[in-house]
Amino acid sequence: MSDLDQYVESAKKGKLASTDIAVLEAVDVQEPNYTRSRALLLMNAQRKGDDKSTRSYLDQLMLLPENQYNPVFLTDYARWHVNHGEYDKALEKASLAERYWARIPPELVFSKKAEIYEIQAAAWQGKFYKSDEDMDLLGSAIKGWERYRQHVATKSRTDLQKRADEELARLQDIKEKLQ
């Protein structure tokens, strides 16, 4: 058992104590447990909705070259960017995560690929909304949501399919009005 295992349950709930956070933040970038410590801190910050800390821990994770190609961290980074209206950066990180999807642990493949596709669709949609009715961007957003819908349908996730259907209906309605 790793000395960091004791923090897992609290981090999952966003309930790390300030002393726990201090211990995890004290792990140096040179230490073997650095990535794990930052992943726990990231998880805790995400569960708490602490946006500033989430970004900080993502940046810290990317200090190690091997984490720059980790599709799980790249997806988290892409999510952060899309949530902040940084659509080009979101697409860049999501595309990189997709390129390295084979490195995703088997139990996370479906959910992370769904998240990657959702981020890409949302980023294209955001770019369209920011544009002056750019039909190419609208087309990319529609294709993105269709791809997301197709992926989530493979596991019969009707809740996720419903989200895709709602976005597609909204975008198709816009497309009809613009044509």
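## A tour of charges and helices

Start by selecting Arg55, which is partly exposed, with 24% relative accessible area. You are looking at a predicted model, so treat each stop as a feature of that prediction.

Stop 1: Now select Lys127 and Asp88. This pair also forms a salt bridge, with 2.4 Å between the closest N and O atoms. Colour by accessibility if you like: Asp88 is partly exposed, at 49%.

**Stop 2: within helix α9.** Move on to Lys177 and Asp173. Here you will find another salt bridge, its closest N and O atoms 3.1 Å apart. The two residues are four apart in helix α9 (residues 158-178), a separation of about one helical turn. Lys177 is exposed, with a relative accessible area of 64%, whereas Asp173 is partly exposed, at 35%.

**Stop 3: a network.** Which residues are linked in a network of salt bridges? Select Asp76, Arg79, Lys112, Glu115, Glu118, Arg163, Glu167 and Arg170, and you have them on screen. Across the whole structure there are 16 salt bridges.

**Stop 4: helix α5.** Asp76 from that network is also among the buried residues of α5, so let us show this helix next. Helix α5 covers residues 71-83, 13 residues in total, and reaches 18 Å from its first C-alpha to its last, close to the 18 Å expected. Is the helix mostly buried or exposed? Eleven of its 13 residues are buried, so α5 is largely enclosed by the rest of the structure. To see the buried residues, select Pro71, Val72, Phe73, Leu74, Thr75, Asp76, Tyr77, Ala78, Trp80, His81 and Val82.

Stop 5: Asp136 lies in helix α8 (residues 135-153). With 64% relative accessibility, Asp136 counts as exposed.

Key. Residues numbered from 1 in each chain as written. Predicted model: local features only at pLDDT ≥ 70, side-chain atom pairs only at ≥ 80, totals over all residues. Heavy atoms only, no water. Buried < 20%, exposed > 50% of the residue type's maximum accessible area, 1.4 Å probe, protein only. Expected span 1.5 Å × (residues − 1). Salt bridge = Lys/Arg side-chain N within 4 Å of Asp/Glu carboxyl O.
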